[in-house]
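Colleague: I would like to learn how to read a pocket and a core in a protein model. Please take the features one at a time.

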Amino acid sequence: MRLIRLLALLLCLAAPAAALAADGPAPVVVFETSRGMIFIQLDNQKAPVTTANFLKYVNSGFYDGTIFHRVVNNKGMGIVQGGGYDASFHQKPTMPAIACESRNGLENKAGSIAMARTADPDSATSQFFVNVRDNDFLNFRSATPEGMGYAVFGRIIRGMNVIQDIANLRTTPRGMMDDVPVEQVVVRKAYLYKEP
């Protein structure tokens, strides 16, 4: 398991220098969705490994055709999750998992984007979630599996209304999941924004 994590870290470090340059401009990723445009500014200074990983998926076209497959919007939590399933609800194959960067000082505040993962803190691959509200209980608390929290790596700078629209969709159980939107929202295209 440690070898897999080391290989994942090395893969991230082998990413193009522009993607990892801590002193370079913060990259902005655009998601063109079936409900509108979302602009995500990534924090390549505080979350360099996570940013590089996310950009690899974006640049490879991985997110094109994926859906927002999970919406939790109740008194205890508010998130919109995507990045793992295509429109036929098939889970897409991913690259190796990355190390959790939840100790970077970024918090799970409304409008932030963080990596989804399993109970293992170092299991994040392609799936992400946008915090629809402040989810402080998802922040780093301690260097234990229970306290690691979820790594924030950027924020929505335009299109939070689209995220809110998705968050308000009715959900239904599907397979092993309880919170799948009844109306499908598709990421038609994801790409790195470039100034015109």
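Colleague: How do the residues of the lining of the largest pocket divide into nonpolar, polar and charged?

Modeller: Ala, Val, Leu, Ile, Met, Phe, Trp, Tyr, Cys and Pro count as nonpolar, Asp, Glu, Lys and Arg as charged, and the others, Gly among them, as polar. Here the lining has five nonpolar, 10 polar and five charged residues. This is a predicted model, where local features need pLDDT of at least 70 and side-chain atom pairs pLDDT 80 or more, while totals for chains, interfaces and linings use all residues. Residues are numbered from 1 along each chain as its sequence is written, and side-chain values use heavy atoms, without hydrogens and water.

Colleague: What is a pocket, and which residues lie nearest the centre of the largest pocket?

Modeller: On a 1 Å grid over the protein atoms alone, a pocket is an open set of points where a 1.4 Å probe fits, with protein on both sides within 12 Å along at least five of seven lines; lining residues have an atom within 4 Å of a point. Of the 20 lining residues, Gln81, Gln91, Arg117, Thr118 and Gln127 lie nearest the centre.

Colleague: Which residues have the most contacts inside the largest nonpolar core?

Modeller: A nonpolar core is a set of buried Ala, Val, Leu, Ile, Met, Phe, Trp, Tyr and Cys residues joined through side-chain atoms within 4.5 Å; buried means under 20% relative accessible area (1.4 Å probe, protein chains only). This core has 33 residues, and Phe31, Phe54, Tyr63 and Phe68 have the most contacts inside it. A second, separate core of nine residues includes Ile79, Leu106, Leu138 and Val152.

Colleague: Which residues of helix α4 are buried?

Modeller: A helix is a DSSP run (H or I, at least four residues), numbered from the N terminus. In α4, residues 160-167, the buried ones are Val162, Ile163, Ile166 and Ala167. They line one face of the helix, because they fall within an arc of 140° seen down its axis, the arc being that of the directions from the helix axis to the C-beta atoms.

How values were computed:
Buried means under 20% relative accessible area, exposed over 50%, partly exposed in between (1.4 Å probe, protein chains only). Helices (H or I, at least four residues) and strands (E, at least two) are DSSP runs, numbered from the N terminus.
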